[in-house]
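Please read them beside the coordinates.

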Amino acid sequence: MSESFHTGGCLCGAVRYEVTGPLRPVIACHCTQCRKTSGHHVAATSARRDSVTIFGEVTWYASSDYARRGFCGTCGANLFWDGPGANLSIFAGTLDAPSGVVLSAHIYCDDKGDYYEIDEALPRAGGFDPTLTTMVG
Ligand SMILES: [Zn+2]
Ligand SMILES: [Zn+2]
């Protein structure tokens, strides 16, 4: 966990954000949606939605009936996954360094691409795992 102030943004700089609360450890998601939107698997941290301030215009795509994904409409950066609950997932690659967070687990491993292996010695879940994804701080 990381308690300090964090900033991040997209490649072109049109969207920036600040996080004033703690960040969850980073979880890699190998689900088909994450692979299709990112080009590989994603790695996301998470913060309470009310601790995140977004500057600039995010383009939202409803990727399911319960969640939407936030992109930069200019450079296409994957920034956010906004689903049920009080937290907003933030794709870790968009954090400014030092992020203070560490990749800690993999989820939806059953849906991973067939062109790579998950070879890290980290916890894995075949699908969703609320013990991995909902904790913050
Ligand atoms: Zn951008
Ligand atoms: Zn996913």
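1. I begin with a buried cysteine: Cys34 has a relative accessible area of 4% and therefore counts as buried, where buried means under 20% relative accessible area, exposed over 50% and partly exposed in between, with a 1.4 Å probe and protein chains only. The model is a predicted one, in which local features need pLDDT of at least 70 and side-chain atom pairs count only at pLDDT 80 or more, while totals for chains, interfaces and linings use all residues. Residues are numbered from 1 along each chain as its sequence is written, chains are lettered from A and ligands numbered from 1 in the order in which they are written, and side-chain values use heavy atoms, with hydrogens and water left out.

2. Cys29 is buried at 8% relative accessibility, and Cys31 is buried at 11%.

3. For comparison, the ideal angle for four tetrahedral donors is 109.5 degrees.

4. Cys10 sits in the loop between β1 (6-9) and β2 (16-19), and Cys75 in the loop between β7 (68-72) and β8 (78-82), so the pair ties together parts that are 65 residues apart in sequence. Strands here are DSSP runs (E, at least two residues), as are helices (H or I, at least four residues), numbered from the N terminus. Cys10 is buried at 9% relative accessibility, whereas Cys75 at 28% and Cys12 at 40% are partly exposed.

5. How many disulfides does a search of the whole structure find? The search finds zero, a disulfide being a pair of cysteine sulfur atoms within 2.5 Å.

6. Leu79 belongs to strand β8 and is buried, with a relative accessible area of 0%. The C-alpha atoms of Leu79 and Val15 are separated by 8.8 Å, although these residues are 64 residues apart along the chain. Thr20, in the loop between β2 and β3, is exposed at 55%, and its C-alpha lies 17 Å from that of Leu79.

7. The largest pocket holds about 580 Å³ of space. Of the 27 residues that line this pocket, the closest to its centre are Trp81, Ser89, Ile107, Phe128 and Thr133. The elements giving two or more residues to the lining are β3 (26-29), α1 (32-38), β4 (42-48) and β9 (87-91). A pocket is an open set of points on a 1 Å grid over the protein atoms alone, where a 1.4 Å probe fits, with protein on both sides within 12 Å along at least five of seven lines, and lining residues have an atom within 4 Å of a point.

8. Finally, two backbone details deserve a look. The peptide bond from Ala97 to Pro98 is cis, with omega near 0°, and Pro98 is in the loop between β9 and β10 (103-107). Tyr108 has phi near 55°, a positive value in a residue other than glycine.

Note on methods
Points joined across faces, edges and corners; volume = space filled by probe spheres on them.
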